[in-house]
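Please consider the following structure. The account below leads through its chains, contacts and core.

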Amino acid sequence: MSSDKNTGLKFSSPYTPNTENDRAEMLKAIGVNTVDDLFKDIPASYLNPELKIPDAISEMELVQEMEDLANLNSVPGEYASFMGSGAYKHFIPSIVNRLALRSEFMTCYTPYQPEVSQGTLQAHFEFQSMVCQLTGMDVANAGMYDGSTALSEAALMACRVTKKQVVSVFDSVSPYYRDVLKTFLDAPGIKIESAKDGNLKVNKNHACLIVQQPNYFGYFEDLSKLSDDIHNAGGLLIVVTDPISLGMYKPPADYGADIVVAEGQSMGIATSFGGPYVGLFACKQQYIRQMPGRIVGRTKDTNGNTGYVLTLQTREQHIRRDRATSNICTSVGLIALMSTIYMISQGKQGLKHIANLCYQKAHYAAAKINEIDGYIVHTDKPFFKEFVVSCPMSPKEINKRLLHNKIIGGVDVSNLTKNGMLICVTETNSKDEIDLLVSSLSEIITEG
Amino acid sequence: MIPAEFKYSEEHEWINSKDIDEIIIGITDFAADTLGDIVFVELPSIGTEVKQFEKFGEIESVKAVSDLFSPISGTIIKRNENLVPKPELVNQDAYGDGWLITISPTDLKEIDGLMSSKDYNKFTES
Amino acid sequence: MNNSPINTNESKRKLSMDRSVAGRIGTTLPKLDVPLQTEPPKDLLRESLEMPELSESEIVRYLTQISTFNFSIDHNFYPLGSCTMKYNPKVNDDIAALPGFSAIHPLQAESTVQGALKLMHHLQDLLAEITGMAGTSLAPMAGAEGELAGMLMTKAYHQANGDKKRTKILIPDSAHGTNPASAVMAGFDVISLSTDDNGNTDIEGLKYALSDDIAGFMLTQPSTLGLFDTNILDVVNMVRDAGGIIYGDGANLNAVLGKLKPGQLGFDILHSNLHKTFTQPHGGGGPGAGAVMVSDRILPFLPTPVVNRRTDKSNNEFFTFASPEKTIGKMGAFHGNFGALVRAYAYIRTLGKQGIPKVSEDAVINANYIRSQIKGVFDLPYDRTCMHEVVISARNLKHDNGITALDVSKRLIDYGIHPPTMYFPLIVEEALMIEPTETESKETIDEFIDIMKTIAQEAADNPSLLKEAPHNAPNTRLDEALAAREPDLRWTK
């Protein structure tokens, strides 16, 4: 134990209760003299290396340092934000965090021992149920890392189901998701083909067609036709969706989707610089044994009382090892719980209302922006809460200027469409914020 | 007690070759007990050709998966469709209602290489 | 369990959809403050959406009630082996919830998120220093995803050298199931290596297995038996000499934190489960974070993004995302589980260079103390000094009284203790894997030892007490076979 040179205080950690006395007693009971006797299996010359990390600090100093770091960031909320592209600012009711942060939910692990994990298991079952209700699908798992890895796992699953090695991906699927898909599919040698709207040629080699609805740019695809095309070719239809849109729009199941995945962050989860989020994963009943991830089932105990357990575990890595459906070992339980509380809390009326608010406000913003000379809003297809604007100058430059007005503008998609900015409007954007965005965009033109 | 007239493999499958055109195959009680509560059986489709000692399916309990290996070569004639709703039949009646598949054998000589009930008993005791 | 005429258990088990009453709302909703827009196309709209209708007060009571059905670190001793269920500092949760961290968007301009990038950069450096590696990527979102990243880097490294015949990965038979599953996801074939009688890597087996088609060795140190391989230097050198990559599964990093730098031993890749060693709360099975640290020769292959630091002429720092030259690509839509990174950083800052080695020291003392006190009551399949966890066997109870590891586990619940990991590693009969962690006091450990001794006595005196346990949990033993045979996986009308 080292001492602080200035104060002479011996270092002790609030997280390790055993004192020097405790340690001495325990070492004696074990039958060794020093703690390093317990590390004797480690080659001696490697033991106790020099550690070039800063000294311990107190909780007060920690909080100050971390607040200083946090204050270096510009925070949506203080800034009007119109940024979406897969991570969305929606209002989070207080009960989401108050309930999820309870010690009982937060400081337990994967429910391997069902008799003492019924809280987690029942919450997971609620999650699976509500994901099914929203997407219209038969079954859902308890959660994946995020939307992008849920999609990658869906593509791998489609290859297992169809025994084919090529996937077809619409180019209006999020470029971030397509990047992750490449990471996951390249290694096992699965080919990715890019499909363009109007130039779609699925064929019998395709394990699946991957479509995003609404797509990355916020617009709706003609899913009925695409569904027929891929099914006629003997492949599966995988739909990436936004659960908030499902408050009012047709669920992917109605179009014949075989697997539905989504990013669950929009339902009660802070944007938190990109994570942790939770991926939603649902499919048709017949593919259940090929599904990756944790699944909770309802059963009875020896007294005939209802209870919940992890089930169909033989699909998973801890049993099937190298032949498992996936290596995944988590269901991101806490985040899945948060989205579950969000869904219950918003409920039937709330989910529909939130979707409608997003729709109305996004369309109001689009109409106003379209009125400004030099800005053209893309309206060739219906959209939900995001849309693309062709700007009169580079979106990067526009966003820089918007920051001066305390606005975080849309995501720069000029690499995908010329001077394109992808603007997102949710229920959290007030009319005042939208009007400020419109007047600011207009000023930028005038300033030139 | 295991049926004296059946033959057994080291992978704990039995065959009943009373009808030599359609040989019945299952797993032994010993295997079923080791696995525990059987919850799922995956069998090949009818007409599939299998080779002796090669994998033809999978059997799952709550926390284990085992490959099923065919004791003889041949073509699958029947699958026990009752195992789809009631996989527990394998636990309840391994040598009867819990049968897995029937096979039209390609080489009857293979049967001679399998264990008798006596040998199998010795095999499981060791 | 329930002797009252009304079964309150069943009413608590009702799902939100079964509790739903038309017209109730769980939260108030904002009014529309913009003029009404044109209706969306009818054919895109759904006909109905059946979701719960419950008041806020009902939701809070429902979820609070079921939460109490859980054991958790804050309530119970939780010696779940391999899972490092240590105490999660509360201040870290508060810090992660600061709006400056929790409300920022992953695609904001770098100039507007310098605090977040600075934190990530510092954490990369700290993790590399603690593990003795050359660089870090924080992108993987869980331990298993870190393993996948590690396997993809192994593959990319050999391919970049034009060495295409290395298609196999060696994995000890004691390894976590994620290891073989991750190797297969990366397109490798798996060769399983046996463990010798002392719990070390079987050197003869390794010699035999090594050839020019071996891409690497996935090594968990200490192993899942809780033992440090006394042949570690030989193992590392043999694999490296054969042209293989040493991949370290950092699941058990808590055993050697600050006491040993795996990078100095010659490890090329190491993942760390930040939720275990660095205290992101486990949350009922996630979120996790699986940072990967690598040696010099693997640096160009790290998953993207990593955070770089630049300085201008007047020495002002600027942090920016960068993509390593030959990156294996992205592991998730954005930059990793930032919320877990904030907590890990706060934890390392709090403990500092004084506290970090104390973590593994106290974890190892606690585990060995249990080993020394439980010896003779339960079997010790490998009777030697253990590291942060000890694997014991209930085979003596099974032999004497027909009592299994499962029965012992379920009886522990009656004493308010979360059972250890059971039946793992697979190579130990009736295994119970006990990981006390450094955050438990001697008093707690002493009580646990007393309880284990009592249970062993109960096994002899009254085995049915164990066979029917737990007796005072929310449920008695659950029918897992029924759940698997007739999957009931969602609410239905």
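Into which domains is chain C divided? Chain C has domain 1, made of 1-28 + 46-69, and domain 2, covering 91-351; such bounds come from an automatic or database domain assignment. Taken over C-alpha atoms, the centres of domain 1 of chain C and domain 2 of chain C are 42 Å apart.

The model is predicted: local features need pLDDT of at least 70, and side-chain atom pairs count only at pLDDT 80 or more, while totals for chains, interfaces and linings use all residues. Residues are numbered from 1 along each chain as its sequence is written, and chains are lettered from A and ligands numbered from 1 in the order in which they are written.

Chain A holds 12 helices and 15 strands, where helices (H or I, at least four residues) and strands (E, at least two) are DSSP runs numbered from the N terminus. Along the principal axes, the C-alpha atoms of chain A fill a box of roughly 80 × 55 × 45 Å. Of its 448 residues, 60% count as buried; a residue is buried if 20 or more other C-beta atoms lie within 10 Å of its own, exposed if 12 or fewer, and partly exposed in between, with C-beta atoms placed from the backbone.

The largest nonpolar core has 335 residues, and A:A155, A:A158, A:C208, A:I210, A:I238 and A:V261 touch the most other members. Such a core is a set of buried Ala, Val, Leu, Ile, Met, Phe, Trp, Tyr and Cys residues joined through C-beta atoms within 7 Å. Helix α10 of chain A (residues 333-371) supplies the largest share of this core, 20 residues.

Helix α10 of chain A also matters where chain A meets chain C. Between these chains, 169 residues of chain A are in contact with 174 residues of chain C, two residues being in contact if their C-beta atoms, placed from the backbone, lie within 7 Å. To the side of chain A that touches chain C, α10(A) gives the most, with 22 residues. The residues of this side divide into 81 nonpolar, 60 polar and 28 charged; Ala, Val, Leu, Ile, Met, Phe, Trp, Tyr, Cys and Pro count as nonpolar, Asp, Glu, Lys and Arg as charged, and the others, Gly among them, as polar. The contact of chain C with chain B takes 4 residues from chain C and 6 residues from chain B.

In chain C, C:I370 lies in helix α13 (residues 338-374). Why does C:I370 count as buried? C:I370 is buried because 26 other C-beta atoms lie within 10 Å. Not counting residues up to four places away in sequence, C:I370 touches C:V390, C:I434, C:P436, C:I445 and C:I449. C:I370 and C:F448 are 78 residues apart in sequence and 8.6 Å apart in space, C-alpha to C-alpha.
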